[in-house]
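User: I have a model open and would like to go through it with you. Could we begin with the overall fold and then turn to individual residues?

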Amino acid sequence: MESFDLNRMLMNDLPLHFLLEVALRTFVMFVVILITLRVSGKRGIKQLSVFELVLIIGLGSAAGDPMFYEDVGLLPAFVVFAMVILLYVLVTKITDKVRWAEKLLEGEPAYLMKDGNLLVKELERSNLSREELFAELRLLNVEHLGQVRTVVLETSGELSVLFYEKDDVKLGLPIFPGEGELLKNAVTICACSNCGYVTILNDAVNCPMCNEQDWRVAYNTKRVS
């Protein structure tokens, strides 16, 4: 085999008119993909369940290979897509009627915050880091955790957030980088950087909720919506 053979690199010894066949194959598979996505619904990527995301990833090869591999026919790809659609409809109907099957495939929503406090164990189980949660809250104009009443991680990966009314905002952990640095020997109301627990202190003592020693000055500013 000759190295840097331009003809082999561009066409791999296939006839030039095979490009027209590739164009036709791509058009056909593009239509099939659109039909499949139309059947499975109109949800965005962040709204997809784990089951639906696995289906889309799995269909990538079934859709891509027939587009340009001459030894991969279109009919086998059609069978793959037809079976996937059939299984998707079947599983969807089962999960609508059988609670444990829905829980197995979709998972369950998880509380990450309640009454303005972080649920550290639930946050760890969710595989969502504290900084990822804070980043999502900052995008919602949240300055500190005292502005947030409840956060639920939905099965789609999205966050459902309930806020305190302005008059009910509590003291809470600031979530912007570098905010709330604690001054030494200054008696003030502080929030635990790990769980958000608020207390008065003048030294780095262990948090009674999570046993951590990292504290920040607690804020009570109102949220700007």
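User: How many helices and strands does the chain have?

Analyst: The chain has seven helices and seven strands. Helices (H or I, at least four residues) and strands (E, at least two) are DSSP runs, numbered from the N terminus. This is a predicted model, in which local features need pLDDT of at least 70 and side-chain atom pairs count only at pLDDT 80 or more, while totals for chains, interfaces and linings use all residues. Residues are numbered from 1 along each chain as its sequence is written, and side-chain values use heavy atoms, with hydrogens and water left out.

User: In what pattern do they follow along the sequence?

Analyst: The pattern reads α-α-α-α-α-β-β-α-α-β-β-β-β-β.

User: What share of the residues is buried?

Analyst: Of the 225 residues in the chain, 30% count as buried. Buried means under 20% relative accessible area, exposed over 50%, and partly exposed in between (1.4 Å probe, protein chains only).

User: And what share of the contacts joins residues at least 24 apart?

Analyst: Among contacts between residues at least 6 apart in sequence, 55% join residues at least 24 apart. A contact means heavy atoms within 4.5 Å.

User: Changing topic, how many disulfides does a search of the whole structure find?

Analyst: The search finds zero disulfides, a disulfide being a pair of cysteine sulfur atoms within 2.5 Å. Cys195 is in no disulfide, and its nearest cysteine sulfur, that of Cys207, is 3.6 Å away. Cys207 is likewise in no disulfide, with the sulfur of Cys195 as its nearest cysteine sulfur.

User: Are those two buried or exposed?

Analyst: Cys195 counts as buried, because its relative accessibility is 6%. Cys207 also counts as buried, with a relative accessibility of 2%.

User: Now the backbone. What is the phi of Asn127?

Analyst: Asn127 has a positive phi of about 65 degrees, although it is not a glycine.

User: Where does Asn127 lie, and is Asn127 buried or exposed?

Analyst: Asn127 lies in the loop between helix H6 (120-125) and helix H7 (130-138). Its relative accessible area is 72%, so Asn127 is exposed.

User: What about the phi of Asn211, and where does Asn211 lie?

Analyst: Asn211 has a positive phi of about 70 degrees and is not a glycine. Asn211 lies in the loop between strand E6 (198-201) and strand E7 (215-217). With a relative accessibility of 53%, Asn211 counts as exposed.
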